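Here are my notes on the model you asked me to look over. Have it open while you read.

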Amino acid sequence: MKIISAEFVKSVSIQDEKIFFESRNEVVFVGRSNVWKSSLMNALMQKKDLVKTSSKPGKTRTANIFFVNGKYHFTDLPGYGFAKMGQTMRQDLDALISWYLEEKKHTIKQVVLVCDGKIGPQQTDIDMYKYITEDIHLPVTVVMSKVDKLWRWEVSKTKAHTQSVFFWARVLTISSVSKDWIDELRKILWEALTQKEQKK
Ligand SMILES: Nc1nc2c(ncn2[C@@H]2O[C@H](COP(=O)(O)OP(=O)(O)O)[C@@H](O)[C@H]2O)c(=O)[nH]1
Ligand SMILES: [Mg+2]
């Protein structure tokens with residue numbers, strides 16, 4: 001997928017019921033806070049800081065939608081499971097995530113689940129994976145970030161472990177040192193976004 005243009009469309013919260021009349025094919029990015037999710041989106045869209053990044057976890061509290069190539073939506077969802085946030089806020093954000101995914105279930109063509117490759121998949125990641133695949137039946141690609149500082153054998157090990165945890169999922173490792181993964185992920189997203197409607 002060649003990125004020709006990418007721009008911010010809007011932020012959405014759970015009160016905004018009217019957005020769902022749009023039906024653009026969409027990729028949604030989910031993950032715990034601070035897994036480099038928003039940075040990954042910037043790299044994918046070839047923008048320096050179109051998607052807001054922050055060293056402080058828990059900053060994103062809305063679904064932020066971006067318009068790509070004049071045709072598709074890429075959406076950054078808030079991080080889940082950030083312990084320091086307080087239970088009410090956390091529940092509100094979890095509610096926003098599931099509300100968004102369920103409301104847009106028919107236009108979402110791929111969920112990119114970003115996990116911290118340094119610590120491996122956490123229980124919250126596994127819960128999210130099961131929710132996405134078993135409850136709402138959306139296709140997922142698991143992306144493991146932060147592998148730059150691992151030795152090559154550690155990357156292989158963590159990838160194999162992640163693959164066993166997520167079973168059938170496609171698992172990619174991403175690194176700011178080697179950018180090969182970007183082309184691979186763009187290809188996956190392109191195929192997901194442009195696939196013909198499956199006949200039942
Ligand atoms: N060293 C390093 N830091 C990064 C990289 N990508 C993101 N960060 C930093 O990690 C912090 C969290 O990134 P962000 O993309 O906002 O994470 P998010 O909460 O998952 O969306 C920010 O301060 C980023 O600048 C990377 O490839 N290498
Ligand atoms: Mg973010």
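1. Ground rules. This is a predicted model, with local features needing pLDDT of at least 70, side-chain atom pairs counting only at pLDDT 80 or more, and totals for chains, interfaces and linings using all residues. Residues are numbered from 1 along each chain as its sequence is written, while chains are lettered from A and ligands numbered from 1 in the order in which they are written.

2. Helix 1. Helices (H or I, at least four residues) and strands (E, at least two) are DSSP runs, numbered from the N terminus. Buried means 20 or more other C-beta atoms within 10 Å of a residue's own, exposed means 12 or fewer, and partly exposed is in between, with C-beta atoms placed from the backbone. In helix 1, Lys37, Ser38, Leu40, Met41 and Leu44 are buried. They cover an arc of only 155° around the axis, so they sit on the same side of helix 1; the arc is taken over the directions from the helix axis to the C-beta atoms. Their packing partners are strand 2 (26-31), strand 4 (72-76), strand 5, strand 6 and helix 5 (180-194). Just after helix 1, Gln46 has a positive phi of about 55°.

3. Ligand 1. The shell around ligand 1 has 13 residues, the closest being Lys37, Ser38, Ser39, Thr53 and Ser176; a residue is near if its C-beta atom, placed from the backbone, lies within 6 Å. Helix 1 (residues 37-45) gives the largest share, three residues.

4. Helix 4. With 15 residues (152-166) at 1.5 Å a residue, helix 4 should span 21 Å, and its end C-alpha atoms are 21 Å apart, which agrees. The expected span is 1.5 Å times one less than the number of residues. Thr158, Thr162 and Phe166 are buried. These buried residues fall within an arc of 60°, so they line one face of helix 4. Arg152, Trp153, Ser156, Ala160 and Ser164, on the other side, are exposed.

5. The core. The largest nonpolar core has 44 residues, and Val111 and Val28 are among those with the most contacts inside it. Such a core is a set of buried Ala, Val, Leu, Ile, Met, Phe, Trp, Tyr and Cys residues joined through C-beta atoms within 7 Å. Strand 5 supplies the largest share of this core, six residues. Beyond its neighbours within four places in sequence, Val111 is in contact (C-beta atoms, placed from the backbone, within 7 Å) with Val28, Val30, Ile132, Leu138, Pro139 and Val140.

Definitions and conventions
Two residues are in contact if their C-beta atoms, placed from the backbone, lie within 7 Å.
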